[in-house]
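Could you walk me through this model in my viewer, one selection at a time? I would like to know what to pick next and what I will find there.

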Amino acid sequence: MFLAYCDECDRQMLLPASHIRALHNLARGVIAVEMTCYEGHVILVLSGSDIDIPGPAPV
Ligand SMILES: [Zn+2]
């Protein structure tokens with residue numbers, strides 16, 4: 001499960017891996033995860049080992 005925040009729904013939610021649309025390697029250790037929320041909105045979340053902000057974490 002991934003913790004993601006949807007701007008359009010204005011809330012945080014746990015999304016299963018099946019909601020991942022794409023993964024983009026932006027740089028070494030930085031990954032942009034493209035997901036869709038339960039309403040179908042596209043959410044882009046930064047993740048990876050080299051960034052400090054909270055990102056999606058496998059549960
Ligand atoms: Zn949404």
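Start by selecting β3, β4 and β5: in this predicted model, these 3 strands form an open sheet, ordered β3-β4-β5, with antiparallel pairing. Colour β3 (20-27) and β5 (42-47) separately, since these are the edge strands, each pairing on one side only. Now look across the sheet: neighbouring strands are turned by 20° against each other on average, direction ignored.

Next, zoom in on β4 and β5. Their antiparallel pairing runs over 6 bridges. For one example, pick E34, whose bridge partner in β5 is L44.

Then move to the other pair of strands, β1 and β2. They run antiparallel and are joined by 5 bridges. Together β1 and β2 make a hairpin, with 4 residues between them.

Is D10 buried or exposed? D10 counts as exposed because it has 7 C-beta neighbours inside 10 Å, and the cut-off for exposed is 12 or fewer.

For the last stop, show the side chains of F2, A4, L15, V33, M35 and I43. These 6 residues make up the largest nonpolar core. Two strands, β1 (2-6) and β4 (30-36), each supply at least two residues of this core. In soluble globular proteins, nonpolar side chains tend to be buried together.

How values were computed. Residues are numbered from 1 along each chain as its sequence is written. This is a predicted model: local features need pLDDT of at least 70, side-chain atom pairs count only at pLDDT 80 or more; totals for chains, interfaces and linings use all residues. A nonpolar core is a set of buried Ala, Val, Leu, Ile, Met, Phe, Trp, Tyr and Cys residues joined through C-beta atoms within 7 Å. A residue is buried if 20 or more other C-beta atoms lie within 10 Å of its own, exposed if 12 or fewer, and partly exposed in between; C-beta atoms are placed from the backbone. Two strands pair if DSSP finds at least two bridges between them. Axes are lines fitted to C-alpha atoms, for helices over the stretch in contact, and angles run from 0 to 180 degrees between N-to-C directions.
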